[in-house]
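Please have the view open as I speak.

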Amino acid sequence: MQPVIQPVQRPADRTAAAVPDRSSGSAVGVAMMVGSALSNQVGAAVGTLAFPVIGALGVVAVRQWVAGAVLVAATRPRPWRFTAAQWRPVLLLAAVFATMNLSLYSAVDRIGLGLAVTLEFLGPLAVALATSRRRVDLLCALVAAVGVVVLSRPQPATDPAGIACGLLAAACWAGYILVNREIGARVSGGAGPATAAGLSALVFVPIGVSVLVTSPPSPATVLCAVTAGVLASAVPLAVDLRALRRVPAGAYGVFMSINPMLAAVVGLVVLGEALPWDAWCGIAAIVGANVVSQLLARRGTPRGHAGRVPGERDRAVRAAPRAAGRR
């Protein structure tokens, strides 16, 4: 057996070895974001299984309780120190939290998980496109609009109320990003979103209790609702914040695009919600519009700010993962 000759490490080699491998860190970050998105959609699908007993309202109530408890416990806000100027956006965000989750789950109940999440996804896409002045973003907006028309055009099985709920959820998600940005400018840390989530959870206490008393759930139903809260609220909250430490904020906007696709796949596998080919085309159009917009935005970012999306788009993208309160 021949002896193994160990190469002598030069000073340059030692210096290179001391530098962390950013590519491996980014790979881990991407894996974390994919896992977070998958957890989010599986949680939503599991929550849907509780609809026959406690309805969308009951599931949303349980999810708001879980989200509020997780955010308040993690952040420990001190709302009694807020000024009137700080309370205004916090109260508005609490209303957005409640409306967004209720409208999304109502849409899931009526038109299915894949279509509901795709329509909701128009919210952050609209914010990203609205903050840009490039012609290509106008083209992306038109492509996304075509996707919406494909998904919502009248058909025998079309549910206008379900589509309206999905679009309302999209408007709320856009509002969430904008209001959360305002809170970030007025309230330090995560105290603002945590307080808003806690208030939203308190609002749903009498509503949820009323639903649970009127329609007593089985242990399996409660488990599905709580699991939805954990997978779609607690897990994304913990994972997304850590993922953003490993990947550029702008990259989050690109990988967030997998949510509609994952929702459609999870809806098919878990709930048996098969989509026609034209619906898949509509989803692909909306997702593709966001990916192109985000990638071109990153390409146009100055080298000194690589990995950063300038101005309002940056703040909007950074706000998006905190939709753990949203989900």
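This is a predicted model: local features need pLDDT of at least 70, side-chain atom pairs count only at pLDDT 80 or more; totals for chains, interfaces and linings use all residues.

Let me begin with a question: which residues does Leu93 touch, not counting residues up to four places away in sequence? Leu93 touches Tyr176, Val179, Asn180, Ile183, Pro193 and Ala196, where contact means heavy atoms within 4.5 Å. Residues are numbered from 1 along each chain as its sequence is written, and side-chain values use heavy atoms, with hydrogens and water left out.

Leu93 belongs to helix α4, and with a relative accessible area of 0% it is buried, where buried means under 20% relative accessible area, exposed over 50%, and partly exposed in between, with a 1.4 Å probe and protein chains only. In sequence, Leu93 and Gly175 are 82 residues apart, yet from C-alpha to C-alpha they are 8.2 Å apart in space.

Now for the chain as a whole. It has 14 helices and 0 strands, helices being DSSP runs of H or I with at least four residues, strands being runs of E with at least two, and both being numbered from the N terminus. Of the 327 residues, 48% count as buried. Among contacts with a separation of 6 or more, 88% come from residues 24 or more positions apart.

I turn next to the packing around α4. Two packed helices are described by the angle between their axes and the distance between the axes. Here the axes are lines fitted to C-alpha atoms, for helices over the stretch in contact, and the angles run from 0 to 180 degrees between N-to-C directions.

Take α4 with α8: these two pack at an angle of about 155 degrees, with their axes 8 Å apart. α4 and α8 are therefore roughly antiparallel to each other, given that angles over 145 degrees count as roughly antiparallel, under 35 as roughly parallel, 65 to 115 as roughly perpendicular and the rest as oblique. The crossing of α4 past α8 is left-handed, a term that applies if the near helix is turned anticlockwise from the far one by less than a right angle, with clockwise giving right-handed. The residues of this contact of α4 with α8 divide into 21 nonpolar, 7 polar and 4 charged; Ala, Val, Leu, Ile, Met, Phe, Trp, Tyr, Cys and Pro count as nonpolar, Asp, Glu, Lys and Arg as charged, and the others, Gly among them, as polar.

What about α3 and α4? Their axes come within 9 Å and cross at roughly 155 degrees, which makes α3 roughly antiparallel to α4, and the crossing is right-handed. Among the residues making the contact are Phe51, Ala56 and Val59 of α3 and Phe97, Leu102 and Tyr105 of α4. By class, the contact of α3 with α4 holds 10 nonpolar, 3 polar and 2 charged residues.

The loop between α3 (51–75) and α4 (84–111) contains Arg76, which has a positive phi of about 50 degrees although it is not a glycine. At 70% relative accessibility, Arg76 counts as exposed.

On the α4 side the contact includes Met100, Leu104 and Ile111, and on the α5 side it includes Leu113 and Val117. This contact of α4 with α5 has 10 nonpolar residues, no polar and 1 charged. Helix α5 (residues 113–120) is mostly covered, with 8 of its 8 residues buried.

That brings me to the largest nonpolar core, which has 66 residues, and of these Tyr105, Leu113 and Tyr176 touch the most other members. α4 gives the most to this core, with 12 residues. A nonpolar core here is a set of buried Ala, Val, Leu, Ile, Met, Phe, Trp, Tyr and Cys residues joined through side-chain atoms within 4.5 Å. Leaving aside neighbours within four places in sequence, Tyr105 is in contact with several residues, including Gly43, Ala44, Arg63 and Ala228.

Finally, two residues elsewhere. Thr195, in helix α9 (residues 191–214), is buried with a relative accessible area of 6%, and its contacts beyond four places in sequence are Pro77, Pro79, Phe82, Trp87 and Val90. Pro160, in helix α8 (residues 160–186), counts as exposed at 61% relative accessibility. Pro160 and Arg110 are 50 residues apart in sequence and 9.3 Å apart in space, C-alpha to C-alpha.
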